[in-house]
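Please open the model in your viewer and keep the sequence panel beside it. The stops below are meant to be selected one after another.

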Amino acid sequence: MSKKKRQLVLGVFLTRHGHHPGAWLQPESVGGGDPDFAYWTKLVKTAERGKFDTAFFADFVGQGGDTIEGIEKRASFLEFEPLTLAGALAGVTKDIGLVATVNTNFNEPYNLARRLASLDHLTGGRIGWNIVSSLGEGAAKSFGVEDPLEHAARYERAGEFVDLAKKLWDSWEDGAFDHPNRETRTYLNPAHAHPAHHDGKYYKLDSLLDIARGPQGYPVFVQAGNSDTGREFAAKYAEMIYASAQTLEDAQAYYNDVKRRMPKYGRHPDQLKVTPGLSYAIGSSEQEAQDKYAAVQNAVDFSGQLNLMGVEVSGYPLDGPLPDNLPEPANGKGRWIQLKTLARRENLTIRQLILRFNVVRGHRVVIGTPVSVADQIEDWFVNGGADGFNLIPPVLPSSLDDFVDLVVPELQRRGIFRTEYEGRTLRENMGLLRPPNQFAHEDSERPALLKAG
Ligand SMILES: Cc1cc2nc3c(=O)[nH]c(=O)nc-3n(C[C@H](O)[C@H](O)[C@H](O)COP(=O)(O)O)c2cc1C
């Protein structure tokens with residue numbers, strides 16, 4: 001009997017226009033207008049048709065602060081709030097996981113644990129939480145934060161946030177509400193309630209959550225940090241990482257580094273799926289694919305304010321090298337290092353760096369026929385660079401349609417991607433364990449209660 005091949009994890013990071021900065025200029029683009037649920041539904045349903053594990057919704061809450069400088073060129077990220085979007089999508093999708101980004105700096109553990117548990121029930125166990133703790137200047141201003149915590153402390157607080165959320169989710173045992181007894185007029189067994197008590201560095205509470213433990217126990221924990229502190233956080237908590245790398249060597253180094261850190265937290269490396277971002281162009285010939293990508297690259301606007309991953313470079317010659325004395329950004333240190341390394345390694349000018357790195361935010365780009373794109377995906381998958389990918393389609397909706405119609409069948413033919421969803425929940429589909437309740441004991445009175453019910 002042949003053992004089933006290891007399966008790719010595939011997600012798609014959805015935005016309104018697609019990820020390329022020139023996307024909204026393309027004729028097919030929806031252009032301007034308010035957030036449109038029918039359009040988002042169409043995108044997510046396409047991903048579900050492609051049997052994707054997840055649709056991923058980013059959130060850079062309060063990013064702009066009160067700045068209107070350069071705002072006339074900004075075409076992205078002013079869309080639905082991810083948790084409410086996931087709630088609405090719950091009703092129009094059936095199998096795909098919905099990963100919502102929520103920032104720990106601007107939420108209370110109780111409120112968020114409650115909302116995520118609620119969404120886990122609403123989706124039948126398909127919710128994921130992208131845990132971010134970034135705190136840019138705009139966000140600080142938007143929330144009146146005058147004295148922001150620094151990078152490491154924000155990760156520390158995020159860790160305490162997650163620990164506390166777990167206690168809240170575990171404040172009810174699984175099935176605690178499944179056995180009301182009309183005869184004894186007992187709705188539930190108090191032995192199955194475990195009030196959370198927490199007195200930590202950042203949070204203090206004593207409480208039972210207002211909702212039953214979700215179908216998945218906890219949402220799937222997703223993370224996307226690259227710094228040393230970020231990697232440690234991922235090793236301890238994350239079950240899916242949204243990573244970024246442009247070469248297989250960089251991807252392998254990252255993959256090994258994060259997985260190597262897991263055993264000290266009692267975790268098996270298989271319980272974390274590393275999914276680097278992937279941009280692409282697909283054509284019926286190599287040339288057609290190259291031309292397709294070039295057409296979008298031609299739309300890049302080099303006028304006005306220019307920055308490389310948030311670092312202002314407007315004052316420097318576009319066709320000159322990356323200056324040595326640029327300040328390191330406060331957020332996204334890891335990717336800044338990647339960018340500098342690429343600039344040095346290939347001797348790239350600012351213009352080339354914008355075209356190579358900025359337009360894909362440091363992610364990998366694969367261009368070619370469906371077979372060649374599948375080859376490139378398989379290469380990283382079998383050679384220890386990735387457990388799957390989080391697609392960043394350059395132009396929506398066509399890039400997603402292309403991938404689902406042309407590449408997914410090729411991956412399925414190779415036996416490395418599902419033809420049907422195997423499980424009911426996102427955890428089941430991704431091969432992730434369902435976390436047991438940390439407070440439930442074997443000697444709890446469940447059997448007696450089950451009989452009574
Ligand atoms: C691929 C990717 C996606 C991210 N998505 C978000 C996001 O939606 N919202 C957000 O506030 N930060 C987001 N971030 C930022 C990270 O959460 C993190 O704050 C940032 O990478 C800095 O962490 P680091 O210093 O550990 O690299 C993302 C980062 C990466 C690499």
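This is a predicted model: local features need pLDDT of at least 70, side-chain atom pairs count only at pLDDT 80 or more; totals for chains, interfaces and linings use all residues.

Residues are numbered from 1 along each chain as its sequence is written.

Select the ligand and its surroundings: 20 residues surround the ligand, the closest being Ala58, Ser134, Gly225, Ser227 and Gly230, where near means that the C-beta atom, placed from the backbone, lies within 6 Å. Strand E3 (97–103), helix H6 (228–237) and helix H9 (333–346) each supply at least two residues of this shell; helices (H or I, at least four residues) and strands (E, at least two) are DSSP runs, numbered from the N terminus.

Next, select helix H3 (residues 109–122) together with helix H5 (residues 151–169), which pack at an angle of about 55° with their axes 9 Å apart; the axes are lines fitted to C-alpha atoms over the stretch in contact, and angles run from 0 to 180 degrees between N-to-C directions. The contact (C-beta atoms, placed from the backbone, within 7 Å) is made by Pro109, Tyr110, Leu112, Ala113 and Ala117 of H3 and by Phe161, Leu164, Ala165, Leu168 and Trp169 of H5.

The C-alpha atoms of lysine 4 and alanine 440, which are 436 residues apart along the chain, are separated by 34 Å. Is lysine 4 buried or exposed? Lysine 4 is exposed, because 9 other C-beta atoms lie within 10 Å, and the cut-offs are 20 or more for buried, 12 or fewer for exposed and partly exposed in between, with C-beta atoms placed from the backbone.

Technical notes:
Two residues are in contact if their C-beta atoms, placed from the backbone, lie within 7 Å.
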